[in-house]
Amino acid sequence: MLNMTDDQRYRFLFNPYGKDLILSIDGGGMRGVIALAILCWLEEQTGKPAYELFRLVGGTSTGAVICAGLALGMSAREIMDEVYKSRLPRAFARVKRFRWLRFLLSGTRHMYHYKPFLKALGPYAEGKRLADIDGIALLLTTKDLRTSNTYYLINQGPGAAMFAHWPLAGAVAASVAAPLFFPPVQGNLVDGGVGSYGNPCLAASIEAAEYLDLQPENLIHLSLGNGYQPNLQPEGRGGAFGLKSWIEYLINEGMDDAALQQVFMTRAIYRGMDFRRYNPALTRENVEHNLEIDCGALDPATFGLDTNGQDEIDLMERIGRAYAGKIDWMRERALPWQTIGGHDPPGFSETDWTNSPFAAQKF
């Protein structure tokens, strides 16, 4: 590919027919480094900044931060270095030492204030409104507690007028405001992942096909997750679950199921679209065996929304890059379990009824 033009390299890599590309990125806090690393890899391989690759970018929570940066003309590399490696870790660090004290003093309402994060995109977003974003189409999600509706904040198409006056930084903050981590923006707006749109792939597909008049048959949709952490329990563990265990399980399982359902619904509704979902499994076994990365003392299964240590960020970037390097980018309609290092397919486990008191029962 050394003698190819940037456009030829781009087509050779994964888009030989020159289709329109759209991008959607899940929530996941600092794990957004993983999706960013995939985009950085694509930039290096195509010779193009990521914002030149896509007609529409849509994100929830950390995905909103990344997509807003792309819409402002930042490369994935710039977003990685200036936002996720520099500003966001410092913002977390300034409050992390006192987060539990802050949590208690706030009446256990939230651990962080969102104001330090409003500056995450730095001078790129200052004074900008959604209406000021031109060129690339930008879609962000947020949930309004007053109406219990999810809003799809967009800068183009018929819905743009409704949100044109929204400040970009405020729109991003509204999409990022995860309950317990941040207070609702203006007391009303919370993370777009509250509900079903932690993975915004269906919303992005609808916006592109139904409102921006992009033809599904001429679309490649790259849907990027920020790492899948299996919510598996040991044999018989459910019998010992208490209130805390059930709350944690229900929240994690609800988010995982919703993300997967968005994938299946997008594929079912837009069968003519080349929809591709990429999401690595964040288990030590997968990362070390399939992605061939030495995790050392770190366990990627423990990475949370506010994980911000330099070693953890470096490992997340290595995971994203290694995963991207093993993807067959010419494979159409790929799902994560069709990629090396991707998250496993939904499975089935037979219950052993042999010694169960219900063994003789008919159901």
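Guide: A residue is called buried under 20% relative accessible area, exposed over 50%, and partly exposed in between (1.4 Å probe, protein chains only). The model is predicted: local features need pLDDT of at least 70, side-chain atom pairs count only at pLDDT 80 or more, and totals for chains, interfaces and linings use all residues. Residues are numbered from 1 along each chain as its sequence is written, and side-chain values use heavy atoms, leaving out hydrogens and water.

Visitor: What makes F264 and W337 a tilted pair?

Guide: Rings of Phe, Tyr and Trp (its six-membered ring) pair if their centres lie within 6.5 Å; planes under 30 degrees apart are stacked, over 60 edge-to-face, and the rest tilted. For F264 and W337 the centres are 6.3 Å apart and the planes stand at 55°, hence a tilted pair. F264 belongs to helix 10 (residues 243-269) and W337 to the segment after helix 12 (310-326), so the pair ties together parts 73 residues apart in sequence. Helices here are DSSP runs of H or I with at least four residues, strands are runs of E with at least two, and both are numbered from the N terminus.

Visitor: How many aromatic pairs does a search of the whole structure find?

Guide: The search finds seven aromatic pairs.

Visitor: Why is the pair of Y152 and Y197 called edge-to-face?

Guide: Their ring centres are 5.5 Å apart and their planes meet at 80°, so the pair is edge-to-face.

Visitor: How do you know whether Y197 is buried or exposed?

Guide: Y197 has a relative accessible area of 17%, so it counts as buried.
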